[in-house]
Amino acid sequence: SDTGRRYISQPDHGTNVVLFARLSTADRAFWCLGPATYVSHQGERPIAITWRLHHRLSGDLFAEFAAAVA
């Protein structure tokens, strides 16, 4: 899709990506994880994108997200 191509070409175009995440789909609030850079992707419709955050998550927040996906 056009959106997928835009994310994949993010480093070439110098666009800024800021990631937001929530612990579960039931949560209404999102955490701002900060700016990120495209690393790789897999698949297509849906596409799974790997991002590298510019700043490390705090230990507490990292533990919460790690527990949510385990």
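This is a predicted model: local features need pLDDT of at least 70, side-chain atom pairs count only at pLDDT 80 or more; totals for chains, interfaces and linings use all residues.
**Strand pairing**

I began with strand 1, residues 17–21. I found it joined to strand 2 by 5 bridges, with the two strands running antiparallel.

Next I followed strand 2 to its other partner. Strand 2 pairs with strand 3, residues 47–53, over 7 bridges, and this pairing is antiparallel too. Here I noted Tyr-38, whose bridge partner in strand 3 is Trp-51.

I then looked at the turn. The hairpin of strand 2 and strand 3 has 3 residues between the strands, and Arg-45 takes a positive phi near 50° there.

**Largest pocket**

I looked up the volume of the largest pocket and got about 160 Å³. Helix 1 (2–8) and strand 2 (31–43) are the elements that give two or more residues to its lining. Helix 1 supplies the largest share, 3 residues.

Which residues line the largest pocket? I listed Ser-1, Gly-4, Arg-5, Ile-8, His-41, Gly-43, Glu-44, Arg-45 and Ile-47. By class, I have 2 nonpolar, 4 polar and 3 charged residues in the lining.

Arg-45 turned up in both searches. I have it as a lining residue of the largest pocket, and as the residue with a positive phi in the hairpin of strand 2 and strand 3.

Methods:
Residues are numbered from 1 along each chain as its sequence is written. Side-chain values use heavy atoms; hydrogens and water are left out. On a 1 Å grid over the protein atoms alone, a cavity is a set of points where a 1.4 Å probe fits but cannot get out, and a pocket is an open set with protein on both sides within 12 Å along at least five of seven lines; lining residues have an atom within 4 Å of a point. Grid points are joined across faces, edges and corners, and a volume is the space filled by probe spheres set on the points. Helices (H or I, at least four residues) and strands (E, at least two) are DSSP runs, numbered from the N terminus. Ala, Val, Leu, Ile, Met, Phe, Trp, Tyr, Cys and Pro count as nonpolar, Asp, Glu, Lys and Arg as charged, and the others, Gly among them, as polar. Two strands pair if DSSP finds at least two bridges between them.
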